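Trainee: I have just opened this one. Can you walk me through it?
Mentor: Have a look first, then ask.

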Amino acid sequence: MLLDLDKTELKEYVKCLGEQPFRAEQLFDALLQAKKLNEITNLSQEFKNKVSKDYPNFCIKKKLVSQDGTTKYIFQFVDGEIVEGVLMKYHYGNTLCVSTQVGCRMGCSFCASGLNGLKRNLSAGEILQQVLLVNADQKQNSKHRAVTNVVLMGMGEPLDNYENVVKFLKLLTAKDGLNFSQRNITLSTCGLVPKIYQLADDGFSVTLTISLHAPNDKKRAMIMPVAKRYKIEDIINACKYYFNKTGRRFAFEYTLVSGENDKTEDADELASKLKGLPCLVNLIPLNYVKERQKKPSDKSKIDAFLERLKKAGINATKRRTMGADIGGACGQLRQQILEEEK
Ligand code: SAH
């Protein structure tokens, strides 16, 4: 697929077709604008026929706009598979949450994305396609590119699709492409330890966020199967390594599940583990997923948990829930659509 190629590779591709080099520029511009093949006016039909089998199908299958302005997208790929993306508007810019896999094989107990396991990986271009489509879709509102920040926090586990994800990071940060700064990109992982080391060694410095969700390995294993493979201590060591290599502070996501990980003792245990680390804890109220038997913690419990962390000297915040009225949580909307289509 053409979006998997960087500009140099695209030039090579056009050369192999026996076409003039400037055609590569035109093609690249059309791709960046998420134009459908029939919307490109400066390329001949003959040329379009040659590239059509490799051209992405830019398709927004569904779009829901929340009362708070959060927009949820369902993107569809050539093989019919669908994934979600969410655009959140903040005062400093717009953050797009992209998916990296169709489904997920991590099996976290409260998450909708992994309900049917992993269907397939997304290619680098298919991840990029989500950014390009949202930029194009939002263009009517603004002349500027809509997406200013990207978080790899949608469906899938990014580090379980490592090669495609790092290629995507290269495409997104390419100087002659969208030219994103790594500072404006956040990668969220359930903690695949060897891949965290690899990401640092491969020279990336995106913001790293770890989905922790528990103060110790035993509790974590009850919520997240991946905890049986990697200990919290090993994850913290990998994060320190990442920090030393990149100078980037890291964050921990902690979704509060009623009766499972939301006691003040849990907060104390968490604080003692994280004390002195260059990190932030993000508390996330659980988004209810009907297929999962988990309940969100009461607001008072969340506030108490937050206070306890702060008192212990931990840098912590509570995440605002956005788009709750449109199936805001990871994988929820896709699940709804798959059910409707049954
Ligand atoms: N696999 C990656 C990224 C995708 S999940 C990871 O684990 O980080 C993105 C974040 O949403 C994770 O922190 C995940 O635990 C959280 N999440 C998933 N389902 C949720 C739900 N129902 N309510 C609240 N947070 C949820």
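**Helix packing and the ligand**

Mentor: Helix α4 (residues 124-137) packs on helix α5 (residues 162-173) at about 45°, with axes 8 Å apart. Axes are lines fitted to C-alpha atoms over the stretch in contact, with angles from 0 to 180 degrees between N-to-C directions. Helices are DSSP runs (H or I, at least four residues), numbered from the N terminus.

Trainee: What does that make α4 relative to α5?
Mentor: That angle makes α4 oblique to α5; angles under 35 degrees count as roughly parallel, over 145 as roughly antiparallel, 65 to 115 as roughly perpendicular and the rest as oblique.

Trainee: Which residues in α4 and α5 meet?
Mentor: A124, I127, L128 and V131 from α4 meet N164, V165, K167, F168, L171 and L172 from α5, where contact means heavy atoms within 4.5 Å.

Trainee: Is this model predicted or experimental, and how are residues numbered?
Mentor: This is a predicted model, where local features need pLDDT of at least 70, side-chain atom pairs need 80 or more, and totals for chains, interfaces and linings use all residues. Residues are numbered from 1 along each chain as its sequence is written, and side-chain values use heavy atoms, without hydrogens or water.

Trainee: New topic. How many residues surround the ligand?
Mentor: 20 residues surround the ligand, and E157, S188, S211, H213 and N287 are the closest; the cut-off is a heavy atom within 4 Å.

Trainee: Where does N287 lie?
Mentor: A backbone N or O atom of N287 is 2.9 Å from a ligand nitrogen atom. For T255, a polar side-chain atom lies 3.4 Å from a nitrogen atom of the ligand.

Notes: Helices (H or I, at least four residues) and strands (E, at least two) are DSSP runs, numbered from the N terminus. A polar contact is a pair of N or O atoms within 3.5 Å; within protein, one must be able to donate a hydrogen and the other to accept it, and residues adjacent in sequence count only if both atoms are side-chain atoms.
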